[in-house]
Each structure stands twice: as structure tokens, then as C-alpha cells.
Amino acid sequence: MLRVGSVVLGVADVPRAAAFWTEALGYVAREQTKDTWVVLEPAKGAGVQLALGYSETQVQEHPRVHLDLYVEDAAEQTAEIERLVSLGAQHVDWDLYPDDPDFVVLADPEGNRFCVINSGHH
């Protein structure tokens, strides 16, 4: 049976992206980070890996694939967004927000978009 093992992001600077995502997610590099490739995995237990591969492709303004990171409530969402911004993430001026969004769109230092979702939002 198939299962998702890794989500792969294209990045221009693999060591910089690895530094951001290891801090953001509490992941560790499965092996030493190379200039062209690294696989990050959860430090505690099993889970989906995040692979970072060198790419010269420009970041998509409205990516077809992105990461959704879940938190339990609005307070945790706010705290995590502040923490991620302190690590180098940036707020994205997202033009596709619904009227009452449960998510905030950020970009990592490479410009890859991701969402921080309040899973307790009603």
C-alpha cells in the first residue's frame, strides 16, 4: 500500500532552507546537508519527511502544492506565526483569503508558501 513518505520543496539555498525548516518543525537532517539535497525527518518518532532539493525554478505566486501546518487554536496560531517570522518567514499578501479564514499564508526564506491553520476555528 502506498503512503506519503516525503514532501519535496525546491529551494535555491539548501543549507539556508534546512536551517529554517529544522527550527520551524523541530526536524533533523537524516544525513549531512549537501548543497543540492537534504531530507529532514521528525526528531521524535515517525512522520512525513520534508526533502529540500536545489532548484533554479522561480517560486510560484499561487503554488499548486504547499504545506499546511496545523495548530489547535487562535492563540497558538498567533504564537507560531510570530515564532516562524522570527526564524525568517514572511507574511504573504494573499489575495485569495475567504471572508473568515482559518489560515494565514506565510513564505519561508526561499519564498515557498505555506499555511498555518487554526484547526479549532469554527
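## Pocket lining

Ala, Val, Leu, Ile, Met, Phe, Trp, Tyr, Cys and Pro count as nonpolar, Asp, Glu, Lys and Arg as charged, and the others, Gly among them, as polar. By that scheme, the lining of the largest pocket holds eight nonpolar, seven polar and four charged residues. Strand β1 (residues 6-11) supplies the largest share of this lining, five residues.

The volume of the largest pocket is about 380 Å³. Gly 10, Gln 58, Val 59, Gln 60 and Asn 112 are the closest to its centre among the 19 lining residues. A pocket here is an open set of points on a 1 Å grid over the protein atoms alone, where a 1.4 Å probe fits and protein lies on both sides within 12 Å along at least five of seven lines; lining residues have an atom within 4 Å of a point. Points are joined across faces, edges and corners, and the volume is the space filled by probe spheres set on them.

## Basis of the model

This is a predicted model, in which local features need pLDDT of at least 70 and side-chain atom pairs count only at pLDDT 80 or more, while totals for chains, interfaces and linings use all residues. Residues are numbered from 1 along each chain as its sequence is written, and side-chain values use heavy atoms, with hydrogens and water left out.

## Overall fold

The protein chain has two helices and eight strands, in the order β-α-β-β-β-β-α-β-β-β from the N terminus. The radius of gyration is 15 Å, close to the 14 Å that the globule rule gives for 122 residues, so the chain is as compact as a globular protein of that length. The radius is taken over C-alpha atoms, and the rule is 2.2 Å times the number of residues to the power 0.38. Helices (H or I, at least four residues) and strands (E, at least two) are DSSP runs, numbered from the N terminus.

The C-alpha trace spans about 40 × 35 × 35 Å along its principal axes. Of the 122 residues, 34% are buried (under 20% relative accessible area; exposed is over 50%, partly exposed in between; 1.4 Å probe, protein chains only). Among contacts (heavy atoms within 4.5 Å) between residues at least 6 apart in sequence, 51% join residues at least 24 apart.

Val 14 lies in helix α1 (residues 14-25) and is buried, at 0% relative accessible area. Not counting residues up to four places away in sequence, Val 14 touches residues including Trp 37, Val 38, Leu 52 and Tyr 54. Its C-alpha is 9.8 Å from that of Ala 51, 37 residues away in sequence.

Leu 40, in strand β3 (residues 37-42), is also buried, with a relative accessible area of 0%. With residues up to four places away in sequence set aside, Leu 40 touches Ala 18, Trp 21 and Leu 50, among others.

## Loop and N-terminal segment

Ser 55 sits in the loop between β4 (49-54) and β5 (67-71). Ser 55 counts as buried because its relative accessibility is 19%. Beyond four places in sequence, Ser 55 touches Gly 10, Val 11 and Ala 12.

Gly 5 belongs to the segment before β1 and is partly exposed, at 27% relative accessible area. The C-alpha atoms of Gly 5 and Gln 49 are 6.0 Å apart, with the two residues 44 apart along the chain.
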